[in-house]
Amino acid sequence: MDRRYFLKFTSAGAAATAATTASLPLYAAPKQQTAGDDGLSDRQWLTLDAVLDHLFPSEAEAPGAREVMAVHWLQRVLRDDETDEVHKQFLRAGVAQVDETSAELYQKTFAALQHEQREAVLRHMEKSKQQGRAWLQEMIRYIFEALLSDPVYGGNPQAVGWKWLQHTPGFPRPPKEKRYFLL
Amino acid sequence: MSHDFDVCVIGSGAGGGPVAYALAEAGYSVVVLEKGPWFTEKDYYKDELACCIRNAYTPDLKQQSHVVETELDEGGWRRRETAQDTSWNLWNGNVVGGSSNFMSGFFHRLKPVDFTQLSTFGPIEGANVVDWPISYDDLEPYYTKVEQVVGVSGRVVDHPHQEPRSTPDFPYPPTAEHSISGLIDQACDKLGIHSVPMPRAILSKPGLGRKSCSYSGYCGAFGCETGAKGSSRAALLNHAVAGGRCKILPDSQVTRLQSDSSGEITAVEYRDNNDVVKHVDAAVYVVACQAVETSRLLLNSTGEKHPHGLANNNGQVGKNLLFAGGGAGSGRLRYADFPDEKRQELRQVGPFINRTIHDYYVIDDTDFGEKQKGGTIDFVHLHPNPISRATRQMRGPDGLLWGKPLKRKLERHFRESSYIKIEAFCDWMPVDDCFVSLDTSVRDKWDMPVAKARLGFHVRNLQVGWYLASKGAEVLNAMGAEDVVSFASGSPPLNLMAGGCRFGDDAKTSVLNADCRAHDVDNLYITDGSFMPSAGSAPFTWTIYANAFRVADKIIERLGGNKLQSLSS
């Protein structure tokens, strides 16, 4: 395994974990207004966080996208050298499309919208925008990765997703040094 | 003439392992070239990302892809490059031991009728049905050998389609059974059909230098951390290497088989881990790269006597590609429908269902048509992978589900029921429109043309698939399952491939002779599923293992017999 990749991946993971332990939303961390190496601006991260929260909301009895750190999961995917560049562009284009659609319908950014307006924006994307449905499907799939993969990868903290769905994981579970990208 | 090794085996899966094991055991030196890495029990964990989402055990499709062609309803063919459309991934496990590391180990023998399909049932229009050049009796001793050497667990019961056996029962008792197995037995009794215990290539007790199953509930698609699963690596190659006469070269991609003016192979050209071109030579060469890649390697190996690819002077290499499948279905047992103590049993994760029905192996049903080849119906647990399961829940009646409705659906799916799947296997017809060729416009990272697989199918697959799947659905209904569905599919299960270099007595319509030696290359044998002229009506891993042991005996005989026995006698 490429050592550079290993370092990159784990440092992103460590940053994400630190942010969560402190219970701070990702965007509270000081960040440049311009796109970072993940290619999204702070404002776009706010948008993405709001989209994930809408697609999989937090509830008292059931974890949502925020509890399973789905936005950090997406950040790792976007910062991962192994992620295909075409796929990264697809992910970023969808975020841009969310704000474009919000502006088109309500003249606001997605994060500034009410719940019903957010629903309308995403449904409009799903039905009428090129790649809109495919992008939303991929967002939900990534939420599921963060919800149900082994906690060793940085999602599903304390197995909250498995516990919620009463899912019995297989054994033995992967230790840190045997994560797939280190094999 | 001196060679680097007596035998060179290309591919370390179910086709290569038996040859390496048997030849090394008979005193011959063997080298096994495997394109993938050498993982062991210490590398295999129950990690859905590794096995099934990030595909850690198969090549990066950007660097090594395939081209797939599927038939359009309106006629013509839809071409896909798997680098772009990754759902059509033809790689199945490129590591030492091959995809046998990731099998579920549902083990079925063929039955005598599979060897005489043409003479028993007559020709089928549009299908290239033939009799096999060997009989069930030729293969039976090797099925038994696999039971003993690879380790097969099971229980023989009396039923009308039980194939002949030379031993009364399996060497290992059945693996632990789930409560659902008993429910299937009761339902079959009610319906007057036979519920048969499904043999597994999984050790139910320690043996053969390996541990027994740990019943984690995660088997197929995952590597086995106990060694209980009878992969080519755990069951055969580890022993061959320990004996000192077998050398495995992992991370070694074979790019070409070089041949001379007599048409025989002179050396194997391969790339090592650092992409350095290397060569190795042997007295006998054995190719077992899984059907698609075996045909591709031959087609890429042109030579003076083989201008169209090695062993392809009759244009037969790649033809009559086969799969195992045809029908499927599912149903769910709602916990609420069962008393408390039964609920606890149904929720149990670990034990296997292990039930199969063979009553329709030959369909003799006037409502369906004339007497014809049918197949097997297997009952298995729904695959436990939670990300994949959740992903299948996002489709709603009017579009994508998200928000609280999606969360409630996940709760119902995961918490309230146990699911049973039907896997129905017809005899996948060999047809002209299912074959492997080279795609010269797409090349892999070593600049070799990739394989193109055209995946046409015969309508008979759908008819028999429907028939079998609906019989499976009757069983689920009789069990009180809800949401029972069954269907047929012409879409081939890409993890179960065979054919492409079928064996036969006529060189014009086959690539290999009855010994699985190429008709026109004296020192080439093919021992993966490529040799099969028809697929049988069940997953064929056991048949690949058995046939590879049979061919290994032919090679030993050719090389002068068992060297160690002759030394000691």
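Met69 of chain A counts as buried, because 24 C-beta neighbours lie inside 10 Å. The cut-offs are these: a residue is buried if 20 or more other C-beta atoms lie within 10 Å of its own, exposed if 12 or fewer, and partly exposed in between, with C-beta atoms placed from the backbone. This is a predicted model, where local features need pLDDT of at least 70 and side-chain atom pairs count only at pLDDT 80 or more, while totals for chains, interfaces and linings use all residues. Residues are numbered from 1 along each chain as its sequence is written, and chains are lettered from A and ligands numbered from 1 in the order in which they are written.

Back to Met69(A). It is found in the loop between α2 and α3 (70-79) of chain A. Helices here are DSSP runs of H or I, at least four residues, strands are runs of E, at least two, and both are numbered from the N terminus. Met69(A) is not a glycine, yet has a positive phi of about 60°. Most residues other than glycine have a negative phi, and most peptide bonds are trans.

Asp275(B), not a glycine either, has a positive phi of about 65°. Its place is the loop between β8 (265-271) and β9 (277-280) of chain B. Is Asp275(B) buried or exposed? With 10 C-beta neighbours inside 10 Å, Asp275(B) counts as exposed.

Now a peptide bond. From Phe171(A) to Pro172(A) the bond is cis, with omega near -5°. Pro172(A) sits in the segment after α7 (160-164) of chain A.

Next, two helices. The axes of α2(A) and α4(A), residues 85-106, come within 10 Å and cross at roughly 85°. Axes are lines fitted to C-alpha atoms, for helices over the stretch in contact, and angles run from 0 to 180 degrees between N-to-C directions. The two helices are therefore roughly perpendicular, a term for 65 to 115 degrees. Gln44(A), Thr47(A), Leu48(A) and Val51(A) of α2(A) make the contact with Val95(A), Val98(A) and Asp99(A) of α4(A).

Last, the two chains. How many residues of chain A are in contact with chain B? There are 31, and they meet 32 residues of chain B; contact means C-beta atoms, placed from the backbone, within 7 Å. On the chain A side, α2 (42-55) and α6 (132-148) are the elements that give two or more residues. The largest share, eight residues, comes from α6(A).

How values were computed: Contact = placed C-beta atoms within 7 Å. Parallel < 35°, antiparallel > 145°, perpendicular 65-115°, else oblique.
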